[in-house]
Amino acid sequence: MNYLSVENIAKSYGERELFRNISFGINEGQKVGFVAKNGTGKTSLLNILAGTDTPDEGQVVYRNDIQTAFLSQEPDLDPELNIEQVIFSSENPILKIIERYEKAVHNPEDADALQKVMDEMEAANAWDFETRFKQILFKLNLEDFQKQVKFLSGGQKKRLALARMLLKNPDFIILDEPTNHLDLDMIEWLEEYFRKEDFTIFMVTHDRYFLERVCNEIIELEDGKLYTYKGNYSYYLTKRDERHELEKTNTEKAQQLYKKELDWMRRQPKARTTKSKSRIDDFYEIKDRASQRRKDHQVQLEINMERMGSKIVEIHNISKELGGKKLMEGFDYNFKKGERVGIIGKNGTGKSTFLNMLTGIIPPDTGKIIVGETIKFGYYTQKGMEIKPGQKVVEVIREFGDYIPLKKGRQISAEQLLERFLFDRKKQYDYVEKLSGGEKKRLYLCTVLIQNPNFLILDEPTNDLDVLTLNVLENFLLDFPGCVVVVSHDRYFMDKIVDHLFVFQGDGEIQDFPGNYTDYREYESSRPKSSNSETSEAKQEKKKTSSTSSGSALSYNEKKEFGKLEKEIAKLEEKKEEIQQEFLKELSGEEINKTSQELKKVEDDIETKTNRWFELMEKMENSD
């Protein structure tokens with residue numbers, strides 16, 4: 001069943017043409033991701049589909065009987081309403097019944113009204129929807145119903161708009177960066193929700209894992225043309241690379257043919273036959289094909305880095321509270337050269353506060369942070385750069401100098417640098433306030449990197465950046481020889497960049513985890529549920545104290561088993577490491593197979609004995 005038809009639409013702003021003759025359709029059940037570079041009209045297209053803007057040409061046709069909803073990057077909410085009023089302002093009739101039910105529950109003295117609305121709930125089959133309603137608000141942390149919109153943060157407003165959209169129960173939803181301002185747990189919940197629910201979706205997002213796991217089709221806008229890929233994000237990447245390779249091959253063939261025809265043209269006499277004229281016409285057609293070049297515009301980040309001394313940043317026993325809320329307590333860490341640390345945790349646990357303490361913007365309550373003399377921070381913040389009225393793009397860069405030093409003693413002009421950041425010469429003289437959100441972020445990123453830092457701090461750098469710029473930024477960070485600290489909810493970005501994590505767990509607790517985000521999630525999911533909220537340090541401490549506890553409910557044989565298990569697990573871990581070292585040697589196929597089987601057996605033994613160890617540990621804890 002066709003939900004939407006987009007027919008030959010075009011959009012321009014003054015002399016700037018975003019797209020022309022764009023056509024596509026969306027059918028029931030499709031979950032489509034829309035991919036394009038910043039500044040090519042992604043948000044404009046979404047606004048046209050949502051009816052908040054109109055195309056210059058063409059039309060958008062919806063099926064008459066479907067309910068649509070649009071989640072914009074900047075939600076339009078009445079500042080005087082509270083959360084409850086915004087939620088219940090939805091057009092969903094079941095929500096109106098639930099609203100009456102909630103009011104009746106708070107006025108139990110009117111038994112007739114309560115019974116009447118309970119009958120309505122039953123007739124509308126609203127009880128299941130009420131459960132879903134409460135789950136959505138809980139997952140999006142929107143439980144303070146009386147808080148007014150004008151007192152909400154940007155992230156809270158985005159989550160409220162998302163909740164209102166989901167509770168509208170639409171058939172077709174349009175999403176502009178739905179994961180912005182959500183923490184990782186919320187993103188993973190939303191990802192699973194969209195996978196399970198029977199929505200038809202058209203969305204723009206920079207979150208590549210979200211595209212991978214939610215979408216079943218990708219539409220790409222490149223150089224004014226649409227390309228459709230019937231598969232998820234991985235399938236799109238494979239097929240796009242194949243298309244680029246085919247285009248490259250065809251261009252090379254056309255260039256060879258052009259050279260051959262050019263030689264023929266030069267040898268022709270002035271008086272030409274009809275056959276010759278036909279060949280000349282073909283020649284010019286071949287010339288056009290041969291002159292085509294792929295406009296990849298790869299950003300080349302070759303900024304030179306200041307020398308870094310032996311002392312980087314030392315954190316000594318710092319603690320911090322804000323508004324009576326404990327953000328960190330007694331945290332110690334010494335940064336080493338070349339470290340890449342990711343910071344994750346729920347919203348409000350102190351991630352951005354920690355970055356501001358690192359850079360000296362705010363002090364710790366107790367403890368101290370010592371920064372080495374050679375350290376030069378480059379701090380990319382969520383709030384972005386301050387835009388001066390009437391300032392042009394090139395003027396922003398020139399504030400840092402007309403020339404920027406590059407590696408090997410070379411230098412680059414401000415104009416050349418901007419070209420490398422995908423701003424052509426014409427765009428450089430545009431006013432900054434005219435740039436798209438993603439283009440402003442790209443310009444801001446450029447201003448941070450050209451200051452030649454050796455310690456980069458990036459607070460949500462992936463928001464509003466297109467996939468091309470993200471790939472370039474990732475490659476730069478992988479080559480960057482200095483330290484990197486990054487806060488991001490982009491799991492793909494974190495997996496590619498960071499070596500280990502600071503996990504902000506709330507109530508002042510920060511866990512240093514040796515691995516990237518996927519490693520951490522796998523570790524968390526493999527832990528027994530009874531201990532999921534504990535850090536590895538807390539478990540070790542409990543192991544020490546519980547094994548000597550006089551209040552233990554373990555029998556004599558269980559106590560012996562408990563002590564024996566600790567030693568056996570330690571020996572198995574040593575054996576596992578020895579076996580893993582064997583894979584570094586040159587082994588035959590048979591030896592690899594045998595060693596793999598041996599490793600699997602050891603890992604299974606570790607898992608079995610560890611689970612038994614936790615059973616005995618829990619038994620002791622319950623007896624305290």
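Me: Before we start, what does "buried" mean for a residue?
Reply: A residue is called buried when its relative accessible area is under 20%, exposed when that value is over 50%, and partly exposed in between. Please keep in mind that we are looking at a predicted model.

Me: Why is K427 called buried?
Reply: K427 has a relative accessible area of 11%, and because the cut-off for buried is under 20%, K427 counts as buried.

Me: What makes the contact between K427 and E439 a salt bridge?
Reply: The closest N and O atoms of K427 and E439 are 3.2 Å apart, and because a salt bridge requires a side-chain nitrogen of Lys or Arg within 4 Å of a carboxyl oxygen of Asp or Glu, the pair qualifies as a salt bridge. The two partners sit in distant parts of the chain, with K427 in helix α14 (residues 425-428) and E439 in helix α15 (residues 437-449), twelve residues apart.

Me: Is E439 buried or exposed, and how do you know that?
Reply: The relative accessible area of E439 is 3%, and since buried means under 20%, E439 is buried.

Me: What makes E474 and R208 count as buried?
Reply: E474 has 0% relative accessibility and R208 has 1%; because the limit for buried is under 20%, E474 counts as buried, and R208 counts as buried too.

Me: Why are E568 and K609 called partly exposed?
Reply: E568 has a relative accessible area of 24% and K609 has 25%, and because partly exposed covers the range between the buried limit of 20% and the exposed limit of 50%, E568 is partly exposed, as is K609. Their side chains meet in a salt bridge of 3.1 Å, N to O, and since E568 lies in helix α20 (residues 556-582) and K609 in helix α21 (residues 589-623), the pair ties together parts 41 residues apart in sequence.

Me: How many salt bridges does the structure hold, and which residues are joined into one network?
Reply: The structure holds 34 salt bridges, and salt bridges that share partners join D185, E188, K346 and R521 into one network.

Terms used. Residues are numbered from 1 along each chain as its sequence is written. This is a predicted model: local features need pLDDT of at least 70, side-chain atom pairs count only at pLDDT 80 or more; totals for chains, interfaces and linings use all residues. Side-chain values use heavy atoms; hydrogens and water are left out. Buried means under 20% relative accessible area, exposed over 50%, partly exposed in between (1.4 Å probe, protein chains only). Helices (H or I, at least four residues) and strands (E, at least two) are DSSP runs, numbered from the N terminus.
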